[in-house]
Amino acid sequence: MDNEVYRFPRERLDALIERLARDYRVVGPVKQGATWRWADIRPGTAIALDYPTTMLPPRQVFAPQREVLFRFRRGADGHFDFEEPAVERPVALLGVHGCDLTGLRVLHSFHESSCRDRVVPGRLERSFVMGLACWVPCLAESFCRDMGSLEAESPASLYAWDIGSVLLLKVMSARGREILQDVTPLEAATAEELVNWRRRLRVRHEAFPAHLKFAPEKLAVALEAAESDIIWDANADRCLSCGRCNLVCPTCTCFDVCDQATLDGSDGARLRTWTGCQVPGFSRIAGGHDFRPTRTQQLRYRIFRKGKYMPERYGLVGCTGCGRCTSHCPTHISIRDIFRQVGGAP
Amino acid sequence: MPQVSMIPEPCRVLEAAPQNGHDVHFVIEVPKKVFAPDPGQFVMVSLPGIGEAPFCVSALPGEGTAEGTFELLIRRTGRLTNLLTRFKAGDTMYVRGPYGRRVEWEQFEGSSLILMAGGLGLAPLRSFVRRALFRRDAFRRIDVLVGARSPEELLFRDELLTWKARRDDVHVRLTVDAAREGWGGRIGVITTLLEGFNADVEDSYAFLCGPPVMYRHCLRKLLAMGLYENHLWLTLERRMRCGIGLCGNCQISGHYLCQEGPLFSYRELRTMREAV
């Protein structure tokens, strides 16, 4: 399947969406105000394949910000009856950049190896993903090339390069070929298109300057060596504990659980909602003791989780280099700068 | 791996015994699903519409408890426990679990046990004492060391006296941080119970449950006495929202307390950042 690259006229995108909509809830990047977000799309929706990046990562589709775990209702005997939500339609996600493809891989490996819950892995496994190559960095803060996610193509079923005149689509799975064949006869790219594509691929790195002088696998060692609190104090000093970095991160998974019920308490739902390690009280227990009370400890924990704990536990580095946490931080605490401070700049 | 549901099961309260103004001891019917917790494991208890929280099991089914029951001690600290501590016999709690690590108890057999609890820590530690007494012949000397802020705060007082009466079986020593007149017992922090302690520490296992400050002092003392690092077990506490390794609230360094704990050996814990 490795060399199966076909031309795909962009006029056929609507037909692809229509085909996918038979089996999936189709989601893609859509412009909303000054930002882009993952939204349900239909044939005719203005899907923004030229989008820089979305504010929230695609994990919002697989582990939503707010999700019902189960509903409860008080029965005639006074006891509660419980009901889990029905399994929803699988998702087809179109136009996912390398950083977010990597994020989906991390999300899957986290759920696979850490816990006994199959909800999120099930959603990921039933999904259909079309990846999309980047030609330029989407944010000034991104460093996907350094984190090895610029060229990530897994777990896509189809992977697209926009070469201007047409899209070139690489078939990554049998399901990808099946869907593509349903939409359009497989058509080889012309010699001119292939030359253009290879030329652009060769020079792509020039648009993505190197920011780090070490490979992502070395991050755990570099962090462990940065025992001194100076780096952490200087960065945490600016932290407002707003938790935005957690919310926009493609690999954050922590959640809170809360109940919502009618006034008489007879009917309601238990929900999970996103939370994060930078939010005050995250590590506080009943009685008030806090195991990570300072912002220095909280920031260090977040960076260690991404750079050390996650690779050690799941085999994948928890930072994809997407740059969202830095771009959305009100005081511009930069994860890339922290990595440079602990491991050195090129 | 099979899907694990976060839906709890209704469990009837059989007895509710207030211990003081804020702690209530409950005897509860076990859930219908297979329910065989080990010492140190916990359950998630909830009231639909109010919330859910983790509680360590304070007595296990079949180990000094009535058939088909287990026990919890609940302290009034928040919204959920404010309601739970008002529960009476006949009321229904919603329970799921048990969760947490199971430790092979065979490894402790033939050794002496030092069981130390500070304050509310006696609630989980009680299941260790019950297990030890239930399998009394498997162990050599058993020491139970209990500390509390004041005599009024001493939990399970009747049971402590029962254990104390078994002089040949178990050595119980109590202390309180401060007391009004009329307390005939020892006054001092829990580490003072380790002064002049003459157990055969090289062949002892210690289990500790209490507040972080107690761990810091007791660890230093026990290690100085010569206890092996992997013979020292601590029960930790963290905020938990799921109990099944998902919500991330209980993570210490790279470890999930709800999966790999809450019972840890000191050897496992000593390099973990912000452990206690």
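Hello everyone, and let me begin with a definition: domain bounds here come from an automatic or database domain assignment. For chain B, that assignment gives domain 1 (9-99) and domain 2 (105-235). Before going on, please keep in mind that this is a predicted model, where local features need pLDDT of at least 70, side-chain atom pairs count only at pLDDT 80 or more, and totals for chains, interfaces and linings use all residues. Residues are numbered from 1 along each chain as its sequence is written, and chains are lettered from A and ligands numbered from 1 in the order in which they are written.

Let's look at each chain in turn. Chain A has twelve helices and eleven strands; helices (H or I, at least four residues) and strands (E, at least two) are DSSP runs, numbered from the N terminus. Its C-alpha trace spans about 70 × 60 × 35 Å along the principal axes. The radius of gyration is taken over C-alpha atoms, and the globule rule is 2.2 Å times the number of residues to the power 0.38. For the 346 residues of chain A, a compact globule would come out near 20 Å, and the chain's 22 Å agrees with that.

Chain B has six helices and 15 strands, and its C-alpha atoms fill a box of roughly 50 × 45 × 35 Å along the principal axes. With 276 residues, a compact globule would have a radius of gyration near 19 Å, and the 18 Å of chain B agrees.

What about burial? A residue is buried if 20 or more other C-beta atoms lie within 10 Å of its own, exposed if 12 or fewer, and partly exposed in between, with C-beta atoms placed from the backbone. Buried residues make up 42% of chain A and 48% of chain B.

Now, how do the two domains of chain B meet? Their C-alpha centres lie 23 Å apart. In contact, meaning that C-beta atoms placed from the backbone lie within 7 Å, are 14 residues of domain 1 of chain B and 13 residues of domain 2 of chain B. The domain 1 side has six nonpolar, five polar and three charged residues. In this scheme Ala, Val, Leu, Ile, Met, Phe, Trp, Tyr, Cys and Pro count as nonpolar, Asp, Glu, Lys and Arg as charged, and the others, Gly among them, as polar.

Next, the two chains together: 33 residues of chain B are in contact with 35 residues of chain A. On the chain B side, β4 (51-56) and β6 (92-99) are the elements giving two or more residues. That side divides into 15 nonpolar, twelve polar and six charged residues.

On to the interior. A nonpolar core is a set of buried Ala, Val, Leu, Ile, Met, Phe, Trp, Tyr and Cys residues joined through C-beta atoms within 7 Å. Which residues touch the most other members of the largest one? Among its 174 residues, they are Ala160(A), Leu115(B) and Ala206(B). Leaving out residues up to four places away in sequence, Ala160(A) touches residues including Met130(A), Leu132(A) and Leu168(A).

Finally, let's visit one loop residue. Asp38(B) lies between β2 (23-29) and β3 (42-47) of chain B. Asp38(B) counts as partly exposed because it has 18 C-beta neighbours inside 10 Å. Beyond its neighbours within four places in sequence, Asp38(B) is in contact with Arg102(B) and Val103(B).
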